[in-house]
Amino acid sequence: MASSRAGWWWDCKSHEALGGLRAEQEGGERDIPVNRAELSMKLYCLSGHPTLPCNVLKFKSTTIMLDCGLDMTSTLNFLPLPLVQSPRLSKLPGWVLKDGSTFLDKELKECSGHVFVDSVPEFCLPETELLDLSTVDVILISNYHCMMALPYITEYTRFTGTVYATEPTVQIGRLLMEELVNCIERVPKDQSAFMWKNKEVQRLLPAPLKDAVEVSMWRKCYTMPEVNAALSKIQMVGYSQKIELFGAVQVTPLSSGYALGSSNWIIQSHYEKVSYVSGSSLLTTHPQPMDQASLKNSDVLILTGLTQIPTANPDGMVGEFCSNLAMTVRNGGNVLVPCYPSGVIYDLLECLYQYIDSAGLSNVPFYFISPVANSSLEFSQIFAEWLCHNKQTKVYLPEPPFPHAELIQTNKLKHYPSIHGDFSNDFKQPCVVFTGHPSLRFGDVVHFMELWGKSSLNTVIFTEPDFSYLDALAPYQPLAMKCVYCPIDTRLNFIQVSKLLKEVQPLHVVCPEQYTQPPPTQSHRTDLMIDCQPPPMSYRRAEVLTLPYKRRYEKIEIMPELADSLVPLEIKPGISLATVTAVLHTKDNKHVLQLPPKPLQPPASKKRKRVSDDVPECKPLKPLLSGSIPVDQFVQMLEKHGFSDVKVEDTAKGHIVLLQEAETLIQIEEDSTHIICDNDEPLRVKLRDLVLKFLQKF
Amino acid sequence: MPEIKITPLGAGQDVGRSCILVSIAGKNVMLDCGMHMGYNDDRRFPDFSYITQNGRLTDFLDCVIISHFHLDHCGALPYFSEMVGYDGPIYMTHPTKAICPILLEDYRKITVDKKGETNFFTSQMIKDCMKKVVAVHLHQTVQVDEELEIKAYYAGHVLGAAMFQIKVGCESVVYTGDYNMTPDRHLGAAWIDKCRPDLLISESTYATTIRDSKRCRERDFLKKVHETVERGGKVLIPVFALGRAQELCILLETFWERMNLKAPIYFSTGLTEKANHYYKLFITWTNQKIRKTFVQRNMFEFKHIKAFDRAFADNPGPMVVFATPGMLHAGQSLQIFRKWAGNEKNMVIMPGYCVQGTVGHKILSGQRKLEMEGRQILEVKMQVEYMSFSAHADAKGIMQLIRQAEPRNVLLVHGEAKKMEFLKQKIEQEFHVNCYMPANGETATIFTNPSIPVDISLGLLKRETAIGLLPDAKKPKLMHGTLMMKDNSFRLVSPEQALKELGLTEHQLRFTCRVHIQDPRKEHETVLRVYNHLKGVLKDYSVQHLPDGSITVESILIQATAHSEDQGTKVLLVSWTYQDEELGSYLTSLLKKGLPQSTA
């Protein structure tokens with residue numbers, strides 16, 4: 001008999017392959033195929049302009065657009081839109097190809113050696129084909145300059161999500177869009193040039209038209225109804241407000257110090273943190289200071305919107321601005337300041353407020369001309385909570401935070417919606433005019449360029465950094481008026497960036513490629529690039545980056561009833577374990593564990609059961625086992641439980657315990673126990689329970 | 001079990017002196033720090049000795065939150081912070097921070113300069129107190145310390161009024177302060193998201209009132225004012241400088257404009273202009289309509305309403321005067337009241353709630369002979385009208401807020417006991433939540449049962465969700481894991497990972513059973529019969545016939561051999577691991593029943 005049992009044993013040995021089978025099925029955690037797409041983080045770069053970004057971040061199961069900046073430098077290729085008939089502009093000669101063909105002379109005009117498109121100015125949109133924009137769940141706006149493409153996204157694509165922005169961003173953004181639409185619609189142009197965009201034709205054009213990129217993506221300005229529709233999709237948020245997206249991700253705007261309501265964004269889950277830094281400033285101007293501390297411990301920091309003029313010191317520029325302005329006026333000339341209707345203009349007016357009396361300019365009129373001039377000045381006074389501390393304190397008094405209120409009250413500053421109407425009656429020279437658009441292609445500024453350009457007494461002072469002043473001036477050449485370039489860009493420079501990065505220590509930095517090399521015109525200035533370790537990952541327009549990060553944990557909540565039922569066991573000093581068998585509920589990306597329901601007692605049925613009725617319903621989950629079985633104690637235990645004929649044989653790896661009467665054999669090794677018996681279920685269960693007494697469950 | 005404890009030091013079954021202590025997850029927060037307008041003795045301030053007899057308050061409180069600038073919510077603040085002594089953070093919204101010191105200074109002046117009290121807080125103390133204030137934005141999550149966070153929600157009521165959520169871990173309390181659930185002419189309605197706090201502490205000033213439509217009240221008010229003015233009478237409207245004053249001014253201003261009325265409207269105290277200026281600068285806190293149109297027309301620039309001079313009170317002819325304070329307990333409104341009370345042509349309109357003990361309360365409860373200072377008796381002949389314009393939620397509004405926030409418990413403050421009792425029952429009936437209404441000095445204890453957040457390894461989570469996806473996504477998914485507790489961290493990992501992290505190996509427990517089957521056929525034929533049989537019975541399982549002649553059912557292996565002694569009997573070896581016990585055990589019993597003949 002013994003030999004036949006041994007034969008049994010060897011038969012069973014061949015079944016060891018079974019162990020491998022199970023391991024293959026359940027596998028270790030590494031082997032579980034998880035949805036890669038959900039675990040990776042991707043950045044789709046839709047704009048190539050470093051200060052007018054438009055990126056899409058796919059993170060966990062959400063798709064988040066970060067800003068939608070509109071690249072308006074494309075307008076520099078167009079002729080200005082004059083408010084009143086300009087004989088000079090209308091007499092410009094059509095452009096003729098080298099071979100003498102004139103088919104483009106209606107579309108292209110030549111002025112002082114430069115060629116311009118004679119058509120309604122067009123803007124370069126962010127990429128709309130790189131990913132399906134209907135999949136974008138939310139758009140986060142960081143400041144009012146970075147939302148100018150919003151109507152193109154919300155009204156021209158199948159986007160259906162929500163836009164988040166602070167209240168000042170929305171209000172001032174609306175003003176910027178209103179001004180833009182107004183300036184362009186006010187000068188209806190019947191001509192819409194398109195022939196020059198043909199690839200074959202464009203090749204033949206002189207620079208910079210020849211090199212203009214993505215001309216097929218250039219679009220005309222949106223309309224006011226589109227602006228309103230776009231803005232209606234914005235939900236207003238406050239600094240440090242935590243906004244839950246589908247329970248998966250939390251986004252939070254932080255003060256970025258650059259403009260009223262400007263923000264950086266934190267995008268995080270319980271375990272990962274992405275910081276989106278866009279248009280930040282450490283200078284003390286009017287906005288609330290930048291919140292740097294909250295950017296700490298980011299896995300990834302996306303860095304955009306640095307200063308466009310890294311070599312100019314904003315304070316010095318303001319000084320130059322004031323002195324040039326004073327000099328011109330004292331000599332009887334007029335000063336033209338092409339500007340946006342909000343932002344730096346508040347600071348300039350504040351400087352002038354302090355400066356004009358001492359400079360003897362008290363009697364010089366200051367005009368601010370924009371369709372939204374009044375609104376902008378009014379709005380600036382009501383955002384106390386978004387202002388720097390000094391200005392907040394003024395509001396507590398209560399006094400208007402900006403001194404331009406007083407300039408208006410004392411009639412030193414006057415504002416008009418346009419040059420038409422009241423302005424033409426009040427207009428006195430010499431004067432200082434603040435007006436838009438800084439590109440000099442549309443808006444009231446075009447009129448003043450035409451009006452004052454011929455006299456060398458007058459000065460145009462460029463303060464906005466978005467457009468090259470030489471390109472802006474090109475269609476007005478030859479010019480007699482003086483041109484002064486005092487770009488004021490308060491955004492972070494490279495020294496501040498490297499200090500910031502040292503401070504907040506992100507694991508990885510992602511930035512536009514322009515920031516990873518010195519400016520093309522100053523290739524020796526290796527200090528004018530981002531310097532950090534590890535080196536930043538860079539992106540360019542239409543690129544998709546896979547961002548490094550590794551997610552290993554998720555938050556889950558254990559319901560109190562389940563928690564009460566758990567039996568923790570101290571396995572090692574300080575470490576306790578409890579096996580958890582529970583029902584997992586997942587809703588809105590939140591996971592909850594509950595007590596499993598008590599098994600339902602099958603209703604007593606008199607019907608004859610079919611065999612299949614007994615098939616176990618779902619796989620009950622049994623714990624893993626660990627530990628080892630001391631043979632001597634096990635044998636003692638068997639004897640205590642009435643097995644009198646226990647025999648132990650030694651094997652190479654352990655022992656075989658034989659229960660001779662029961663024709664049963666138990667093979668015990670360090671990490672395994674194998675019970676081989678006849679089909680005697682009570683015996684098997686009894687032996688099982690005895691074995692389990694020596695093992696720990698996991 | 002974790003608990004939240006609430007002790008009102010003021011506003012417990014009472015209106016006035018709002019001050020509520022909350023202990024939540026080891027943090028102590030004081031909500032509001034108000035004065036009582038009905039008292040002039042010690043009782044006007046909350047009894048802070050309840051917090052500590054001799055220590056510094058700073059050691060016992062993590063923060064103080066002020067809901068809005070009304071003195072019954074912030075009037076004791078300088079006393080509390082500078083005279084009793086508290087140096088911790090005090091949170092309030094920007095408009096509250098701006099306006100609160102002005103009302104405190106006003107209050108100090110009346111008390112010290114007019115009534116001649118000593119031992120009161122000084123102007124310097126107000127300034128020092130305000131230095132401890134941290135201003136918060138709406139919806140901003142303010143991290144008071146690592147665990148304690150607070151968040152402000154719009155409350156309507158007055159400019160800058162806020163409700164506050166106080167949160168530690170998963171436990172949270174919402175305190176409403178005073179709020180208004182219907183938008184009015186200058187403010188929006190209170191709003192909160194479905195934040196499901198463990199406890200909602202709500203004011204209940206109008207616990208039993210359900211107000212008729214605002215339009216009716218406004219029409220009524222205008223009619224009364226108009227009639228009085230028409231018959232040459234004078235109208236006195238006692239108000240607080242900020243709040244209802246602006247609301248009623250807007251109302252009268254538009255009415256005067258529309259009806260082209262000429263009778264003068266005055267607004268008392270020098271505060272007016274200043275007050276209106278605050279409204280202009282904090283226009284983002286007003287309602288949508290005002291915000292939208294402020295560039296074209298600022299609603300707080302009044303054409304018809306002029307500053308009041310004391311001498312005007314004796315002018316002949318009709319006039320309307322807004323005068324402070326609102327409960328006729330002191331100051332200019334009381335002076336004018338005394339002058340005009342004797343004439344039945346005149347009218348006083350009380351637009352808000354009056355605390356017990358004030359002249360306002362007395363005349364509203366029908367008293368017509370008032371004993372003034374120096375035993376003088378004042379006979380009130382003028383008409384007395386009460387018109388609820390105070391921007392508190394009524395019973396309907398309170399229920400609406402509860403519906404919005406979905407709290408697990410409700411606690412009522414800032415109301416009268418009898419009315420609270422009524423509302424408490426209504427809340428318990430409708431929402432099936434416990435409702436508490438502790439009196440001052442009484443502690444209500446609320447047990448919370450928070451779920452425990454743990455970290456689950458992604459592998460384990462994904463494994464379980466993946467299994468769940470197959471049969472029925474809606475069916476709850478069973479998961480098995482090991483919770484590892486080390487220090488204070490809780491991690492739920494797969495058993496395999498737990499073993500690995502502890503440096504342990506798995507112990508495999510395997511069973512093999514022999515099942516004897518009578519079948520004279522060849523072994524491989526027997527195997528085929530077994531295979532077909534199992535395949536037929538176990539439809540939902542993966543049953544496979546492997547090339548080596550064995551059968552698998554999921555991970556259970558079955559092999560057949562001939563019996564060494566009896567060729568007519570085949571022996572089936574069924575082998576499974578402990579983890580597959582149910583199925584293995586089931587299979588052996590199934591096979592033991594033999595093979596059906598038909599499968600041959």
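# Briefing on a predicted two-chain model

For residues 16-233 of chain B, UniProt lists "domain: Metallo-beta-lactamase", in an unreviewed entry. The structure is a predicted model. Within that span of chain B, 28% is helix and 22% is strand, and its end C-alpha atoms lie 33 Å apart.

- Nine strands make up an open sheet with mixed pairing, in the order β30(A)-β31(A)-β32(A)-β33(A)-β26(B)-β30(B)-β29(B)-β28(B)-β27(B).
- The edges are β30 (646-650) of chain A and β27 (543-545) of chain B; each has a single partner strand, so one side of each has no neighbour in the sheet.
- From one strand to the next, the twist averages 20°.
- In chain A, β31 (residues 654-659) and β32 (residues 664-669) run antiparallel and are joined by six bridges. Across this pair, H655(A) stands opposite I668(A) in β32(A).
- Helix α20 (residues 681-692) of chain A packs on the sheet and touches strands of both chains: β31, β32 and β33 (672-678) of chain A, and β26 (508-518) and β30 (569-577) of chain B. The direction of α20(A) makes about 170° with that of β26(B).
- Helix α16 (residues 581-592) of chain B also packs on the sheet, where its contacts are β26, β28 (551-553), β29 (556-562) and β30 of chain B. The direction of α16(B) makes about 170° with that of β30(B).

- Five of the five residues of β20 (residues 409-413) of chain B are buried.
- In a regular strand, side chains alternate between the two faces of the sheet. In β20(B) both faces are covered, with N409(B), L411(B) and V413(B) buried on one side and V410(B) and L412(B) buried on the other.
- Strand β11 (residues 199-203) of chain B runs parallel to β20(B), and four bridges join them. E203(B) has V413(B) as its bridge partner.
- Three bridges pair β20(B) with β21 (residues 434-436) of chain B, again in the parallel sense. Here V410(B) is partnered by C435(B).
- Between β20(B) and β21(B) the chain passes through helix α12 (residues 417-431) of chain B, giving a right-handed β-α-β crossover.
- H414(B), in the loop between β20 and α12 of chain B, has a positive phi of about 55° although it is not a glycine. H414(B) is buried, at 3% relative accessibility.

**Cysteines**

- The count of disulfides over all chains is zero.
- For C431(A), the nearest cysteine sulfur is that of C339(A), 14 Å away. C431(A) is buried, with a relative accessible area of 0%.
- For C532(A), the closest cysteine sulfur is in C511(A), at 7.4 Å, which is too far for a bond. C532(A) is buried as well, with a relative accessible area of 12%.

**Backbone details in chain A**

- G436(A) and H437(A) are joined by a cis peptide bond, with omega about 10°. H437(A) sits in the loop between β19 (432-435) and α15 (445-452) of chain A.
- Another cis peptide bond joins Q477(A) and P478(A), with omega about -5°. P478(A) belongs to the loop between α16 (469-473) and β21 (482-485) of chain A.
- N297(A) is not a glycine, yet has a positive phi of about 60°. The loop between β14 (273-278) and β15 (300-304) of chain A holds N297(A), which is exposed at 64% relative accessibility.

Definitions and conventions. Residues numbered from 1 in each chain as written. Chains lettered and ligands numbered in written order. Predicted model: local features only at pLDDT ≥ 70, side-chain atom pairs only at ≥ 80, totals over all residues. Heavy atoms only, no water. UniProt positions renumbered as here; feature names shortened; annotations may be inferred. Helix = DSSP H or I, 4+ residues; strand = E, 2+ residues; numbered from the N terminus. Pairing = 2+ DSSP bridges. Axes fitted to C-alpha atoms, helices over the stretch in contact; angles between N-to-C directions. Contact = heavy atoms within 4.5 Å. Disulfide = S-S within 2.5 Å. Buried < 20%, exposed > 50% of the residue type's maximum accessible area, 1.4 Å probe, protein only. Right-handed = clockwise from strand over helix to strand, strands pointing away.
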